[in-house]
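Trainee: I am new to this and would like to learn how to read side-chain contacts. Could you walk me through some?

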Amino acid sequence: MKVAVAGCCHGALDKMYETLELLQRRHNVRPDLLLCCGDFQAVRNEADLRCMAVPAKYRHMQTFYRYYSGEKKAPVLTVFIGGNHEASNHLQELPYGGWVAPNIYYLGYAGVVRFRGVRIGGISGIFKSHDYRKGHFECPPYNQQTIRSAYHVRNIEVFKLKQLKRPIDIFMSHDWPRSIYHYGNKKQLLKMKSFFRQEVESNTLGSPAASELLQHLKPTYWFSAHLHVKFAAFMQHETSSKEELPKATKFLALDKCLPHRDFLQIIDVEHDPNAGDSLEYDAEWIAILKATNSLVNVTQNSWNMPENNGLHAKWDYSVTEEAIKEVLEELNHDLKIPCNFTLTAACYDPSKPQKNMEPVHTINPQTTEFCAQFGLTDINDRIQQAKEESSGRGECEEEEEEEMDSTGSAEESSEYNTDNSGLSSFNPDEIMLDEEGGDEDLSTCSVDPSPDHPPEFSTSFSDIRVMPDSMAVSSDDATDSNNEELEKSGGSRQGEERSPTERSLKRIGADENGNSGVKKIKRRNQAIYAAEDEDKTD
C-alpha cells in the first residue's frame with residue numbers, strides 16, 4: 001500500500017490534503033494512509049491556542065477546527081503523534097490515543113496500531129532530561145513551566161514500548177533519535193544546518209530515549225520531523241546471535257509543511273491484502289498497557305522504571321502469547337478501533353471570536369470507554385483525584401511547583417548510560433521561551449483564521465516526493481555527498497545560515513557578566529523557524 005508521510009504540519013491540514021489531491025490528479029497516486037510526525041496542532045478554539053507553547057506570533061487558528069466541527073473530513077485516514085508545539089490540553093484528553101476528528105487518529109503519549117496488517121508505532125513529544133523521570137502530572141490551565149513540560153517524553157512510555165517483542169514496521173518520533181546523523185549524509189546536513197555542528201560533533205543532537213527505542217525495536221522505517229530539514233539515513237543493526245537475521249532501519253526526517261517545500265514523502269509498504277481497511281488495535285500493545293497499568297504515575301516525583309538491579313521484584317513486563325490471546329478473546333477477535341469521536345469543546349467560530357476563552361481540564365469519553373474496556377487507569381481522572389486530595393489537605397499547587405523548580409532540574413541517575421548532562425541547559429529540540437520580548441504571555445493569542453483560499457500549489461510540485469520500491473534508501477544513498485534529495489531540500493535553506501560571528505554567540509555558558517546563555521540559545525533555536533516568516537513574504 002502507499003503511505004504518505006508528512007513532517008511538522010503546524011495546523012495546515014487544508015494544505016496537506018490539497019497537496020495529496022494534486023498528487024492524485026497529476027500522477028494518479030492515491031495514498032491509503034497519511035502519517036504526520038508531530039506539531040500537528042489540533043487547535044479547536046481560542047482556549048487551545050493558549051495551551052500551545054509557541055511565541056504569540058505563531059499562535060494562529062489555522063484549519064484543523066474545520067475538521068473538528070465536521071465542516072470538512074480528512075480525505076485519507078490520518079495517524080499522527082504529538083510534537084512540542086501542540087494544543088496540549090486537547091491531546092492530553094487522549095493519553096492512550098483516540099480520534100481528534102473523524103478519520104484523524106492520535107497515537108497518544110505512546111501507542112501501536114495496525115492498518116492493513118502493517119504495525120505502526122510512535123511516541124509523542126520531545127526529550128528533556130529533567131522531566132523524563134516524572135509522571136504525567138500536568139493539566140490545564142497550564143503555567144509557564146507545565147505548558148512546556150506537558151509535551152516532554154516520560155520514561156514510562158519508553159519502558160512500555162521496550163516491552164514489545166513482535167516486529168514493528170513503521171515507527172514515528174518527533175525529535176530525531178540521537179546519533180542517527182552518523183548513518184546518513186552528515187556533511188550535507190551540516191551544510192544546510194550549520195548550527196547543528198556542535199551537537200553533532202559532541203553527539204548530543206536528538207533524543208537518547210528515541211535512540212534506545214530505535215536499537216530495541218529495529219523497525220523497518222523510522223520517521224521524524226522537528227528540525228525542519230529533510231534527511232535520510234540507513235542503519236544496519238547488530239545481531240545478538242548468529243541465528244538472528246540481520247535487520248536494518250530506513251530513517252527519514254521530513255521538512256515542515258510549507259509551499260514549495262519537499263514536505264511529503266510517498267512510500268510503498270508491504271501489507272496484508274486480506275486485511276480490512278479499518279484502523280485496528282494492536283493486541284500485544286493492549287496487553288502491555290494492561291501489564292504496566294500499576295506503574296502509572298501522575299506526580300512530579302522522579303523515579304526510574306523497574307530494572308534487573310536487585311531493587312525490583314519484577315522488571316520484565318513483556319507479555320506472553322497467552323496474554324495476547326486473552327486480549328483477542330476480550331475483543332471477540334474484532335480489533336477494529338471504534339469510530340467514537342466526540343466533541344468535547346466548543347469549536348472556533350470566525351464570526352464570533354472568543355479571545356478570553358479559558359482552557360479547562362476535560363475527561364474525554366473515548367478515554368473513559370477505552371479504560372473501562374481494558375481495565376486501565378484513566379490518567380486524567382487520576383490527576384483530578386490527586387488535585388482534589390491535595391486541595392483537601394490544604395496544599396498549595398504553587399508551592400509544590402516552586403519546590404520542584406528548585407530541585408527538579410538536577411540531573412539524577414537513570415537507566416541511561418548516556419551522559420545527558422548537557423540537555424538540561426542546551427537543547428536544540430525546542431524554542432526557548434522566556435520573558436524577553438513578551439511573546440510568551442499565555443494570556444494572548446492570535447485567532448486570525450487561515451485564508452479561505454490557500455496558496456495555489458499548481459505552480460510547483462516540489463512539495464511531494466514519490467519514492468517507489470519501498471523507499472529506496474541504501475547506505476550508499478545516505479552517505480553520498482551528491483545526494484540529490486538533500487541538495488534539493490537544502491537549495492532554498494541557505495538563507496537560514498548565520499555568519500561565523502553570529503554562530504559563536506550561540507554557545508553554552510555565561511558571559512563576562514555571569515549571565516547564562518539561555519537567551520542566546522533561544523535565538524539559535526529560532527533559526528530553525530526563521531524561514532517561516534521569509535516564506536510568508538515570498
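Mentor: Gladly! A salt bridge is a side-chain nitrogen of Lys or Arg within 4 Å of a carboxyl oxygen of Asp or Glu. Here K290 forms one with E330, with the closest N and O atoms 3.3 Å apart. This is a predicted model, where local features need pLDDT of at least 70 and side-chain atom pairs count only at pLDDT 80 or more, while totals for chains, interfaces and linings use all residues. Residues are numbered from 1 along each chain as its sequence is written, and side-chain values use heavy atoms, leaving out hydrogens and water.

Trainee: How many salt bridges does a search of the whole structure find?

Mentor: The search finds 17. In one of them, R119 meets D282, and their closest N and O atoms are 2.7 Å apart. Salt bridges that share partners also join R114, R119, D282 and E284 into one network.

Trainee: Does R119 count as buried or exposed?

Mentor: Buried means under 20% relative accessible area, exposed over 50%, and partly exposed in between (1.4 Å probe, protein chains only). R119 is buried, at 2%, and D282 is buried at 2%. K290, at 32%, counts as partly exposed.

Trainee: What about aromatic pairs?

Mentor: Rings of Phe, Tyr and Trp (its six-membered ring) pair if their centres lie within 6.5 Å; planes under 30 degrees apart count as stacked, over 60 as edge-to-face and the rest as tilted. The whole structure holds 20 such pairs. The ring centres of W99 and Y105 are 5.0 Å apart with planes at 80°, so this pair is edge-to-face. W99 and Y105 are both buried.
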